[in-house]
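Here is a short tour for anyone meeting this structure for the first time. Take a moment to look it over, then read on.

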Amino acid sequence: MIETRGLRKSYRSRAGRETKTVDAVRGVNLDVAAGEIFGFLGPNGAGKTTTLRMLATLIEPDGGEATVAGADLRKNPAEVRRRIGYVAQGGSTWDESSAREELVLQARLYGIGKAEAHRRAERALEAFQLAEYADRKTKTYSGGQRRRVEIALGIIHEPKIVFLDEPTTGLDPQSRAHMWDEIRRLRTEGMTVFITTHYLDEADALCDRIAIMDHGEVVAEGTPAELKREISGEVVIVGLDAATTPRAAELFDTEAYVSKLETVDEGGLRLYVDEGATAIPQVLRRLDHAGLDLRSIELHRPSLDDVFLTKTGRSLRES
Amino acid sequence: MKLARDTWLIFQRQTQLLLRNPVWIFVGVFQPVMYLLLFAPLLKPALNAPTQAAAYKIFVPGLLVLLAIFGGLFQGFGLIAELRAGVIERSRVTPVSRLALLLGRSLRDVVSLIAQAIIITLLALAFDLRVFIGNLLLAYLMLALIALMTSAVSYGIALKVKSEDALAPLMNTVAQPVLLLSGILLPLTFAPGWLQGVAKWNPFSWAVEGTRALFNGDLGNDRVWQGLGIIAVLAAAGVFWAARQFARSVR
């Protein structure tokens, strides 16, 4: 549905007298399949929004090629516009207009006739649970309601792909969960959804596949499960008394299923294993056998943050 | 066809929003009305005009041109608010014509200017101003072209600078000399030779002279077609340039 090869964009920025070129996006290759929710993950300033805006025809790429919804991005941007929807990060509704007015106008800008535009607006208001406030000015809406109007605006013309730029940023947890359901509903309706986010849990829970972007490049791509699997194994954290820790360390050092072992300062061990589910019973048996008292045991599965850490050398939470 | 349809959609939307707050039309007309009521009465003795009506024939056209220039130049502020709200970006991802994004807005400005011009003309009629209706309509055409040009230029600049803080001083810097060099408040016939020479290069001074000739019933005056011609060419250039700014990437 989206295919890019070597997509590039650089900006000239001026600091004092010097002008320097900032490579915002340096050769991005992406393949997004029809009907999936594709997550574009990365810290602020990684080039996510620039890439998205290029794919949505808002800025012209400096180089590379892209096909979006079957149309050539660089040769035929007008056709791309007809086939995609785009929901910007900073909002897109006018305070003094109502949701209905905005929806009707948006549909008409896509060349849809008046009667049909009104029908579609009505349907969108129902689908996004906005009917109650349909004729109120959007400045009276809550953040979540406003965001729903914006998504409804982005898909009023039934595009093949919809681009959502950080759709849940700034929403409270409840509205966020609600928004995830809305996004899943778009996929059910056969749309391809391309979202950017810097929330790892969002990418993990919502996306079928993700690409991680850092410093203008895609550093990893795959399903969340695949990416996590690439990070070697899982960690069993065993809580022990400080006094018994050295003995326990000796015990597990020789076990074949433990690939690496670290001691925890306040007492306990971190055991790196391939699969926690099979390792834990063996660990418990071994400790029991040796008569060592266990204070706690927990399993740490690699998160997308660990993936990010491995790929970029820093944590996404820090950046 | 598509251009006409798109322009109509944008025009409709903008007009609807304006009519929701019609007070702005009256705010815009407030200053010229004050000039008309509190400044114009000084003119009969000052200009040595034979009657009050003769003084108004000189002053009212200038006042209307002033209204068209300023009314247009300050439209960019509204656009910056729309930019910030993301409305422009939202329009730009649709296949809507870029020229229509500009024209729809500028035509709204032209219509609201003509409404204001009618208010001023009606008030002036109360002060014994008399104008032949055909000439008045031609004068309104001149005003419409001026407003089309100034509002288009204002939108173009707003898209470039993207902030009110930059737009306000810029517009004032442009508007002041343009205003003083066009003989709007007093005819430039009073000006010393060098000032008249400089004013020759100001297209608005041609527009003002043309409009005055129309109010004076002097349809055959060369300044009429010259003024209309100059302003029409500039309006076309302004619209062309500003539409390109809409097509370019803006945030």
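Which residue of S13(A) is the bridge partner of Gly239(A)? That partner is Gly268(A). We'll come back to that pair further down; keep in mind along the way that this is a predicted model.

## Chain A at a glance

Chain A splits into domain 1, covering 2–229, and domain 2, covering 232–301. Going by C-alpha atoms, the centres of these two domains of chain A sit 45 Å apart.

How does the overall shape come out? The C-alpha trace of chain A spans about 80 × 50 × 40 Å along its principal axes. Its radius of gyration is 25 Å, whereas a compact globule of 319 residues would be near 20 Å. Of those 319 residues in chain A, 39% count as buried. If you take the contacts in chain A between residues at least 6 apart in sequence, 68% of them join residues at least 24 apart.

## The six-stranded sheet

Chain A has an open sheet of 6 strands, in the order S6-S7-S8-S3-S9-S10, and the pairing is mixed. Which strands sit at the edges? They are S6 (84–87) and S10 (217–222) of chain A, each of which pairs on one side only. Going from one strand to the next, the twist averages 15°.

Two helices of chain A go with these strands. Helix H5 (143–154) packs on the sheet and touches S6 and S7 (161–165), with its direction at about 160° to that of S6(A). Helix H6 (173–188) of chain A lies across S3 (37–41), S7 and S8 (192–197), and runs at about 150° to S8(A).

Now zoom in on one end of the strand order. S9 (209–214) of chain A and S10(A) run antiparallel and are joined by 5 bridges. One of the residues involved is Ala211(A), whose bridge partner in S10(A) is Glu221(A). As background, strands of a sheet pair through backbone hydrogen bonds, either parallel or antiparallel.

## Strand pairs around S11

Further along chain A comes strand S11 (234–239), and here we meet the opening pair again. S11(A) runs antiparallel to S13 (268–273) of chain A, with 6 bridges joining the two. The link between Gly239(A) and Gly268(A) pairs a residue with its bridge partner in S13(A).

S11(A) has another partner, S14 (296–300) of chain A, and this pairing is also antiparallel, over 5 bridges. In S14(A), Ile297(A) is the bridge partner of Val238(A).

Chain B is another story: it has 12 helices and 0 strands. Read from the N terminus, its elements go α-α-α-α-α-α-α-α-α-α-α-α. Chain B is as compact as a globular protein of its length, because its radius of gyration of 19 Å is close to the 18 Å that the globule rule gives for 251 residues.

The C-alpha atoms of chain B fill a box of roughly 60 × 40 × 35 Å along the principal axes. Of its 251 residues, 43% count as buried. Among contacts in chain B between residues at least 6 apart in sequence, 81% join residues at least 24 apart.

## A closer look at Glu164(B)

Why does Glu164(B) count as partly exposed? Because it has 13 other C-beta atoms within 10 Å, while a buried residue would need 20 or more and an exposed one 12 or fewer.

Leaving aside neighbours within four places in sequence, Glu164(B) is in contact with Phe77(B) and Ile80(B). Glu164(B) and Gly76(B) are 88 residues apart in sequence, yet their C-alpha atoms are 8.5 Å apart in space.

## Where the chains meet

Note on methods. Residues numbered from 1 in each chain as written. Chains lettered and ligands numbered in written order. Predicted model: local features only at pLDDT ≥ 70, side-chain atom pairs only at ≥ 80, totals over all residues. Domains from an automatic or database assignment. Pairing = 2+ DSSP bridges. Helix = DSSP H or I, 4+ residues; strand = E, 2+ residues; numbered from the N terminus. Axes fitted to C-alpha atoms, helices over the stretch in contact; angles between N-to-C directions. Contact = placed C-beta atoms within 7 Å. Rg over C-alpha atoms; globule rule 2.2 N^0.38 Å.
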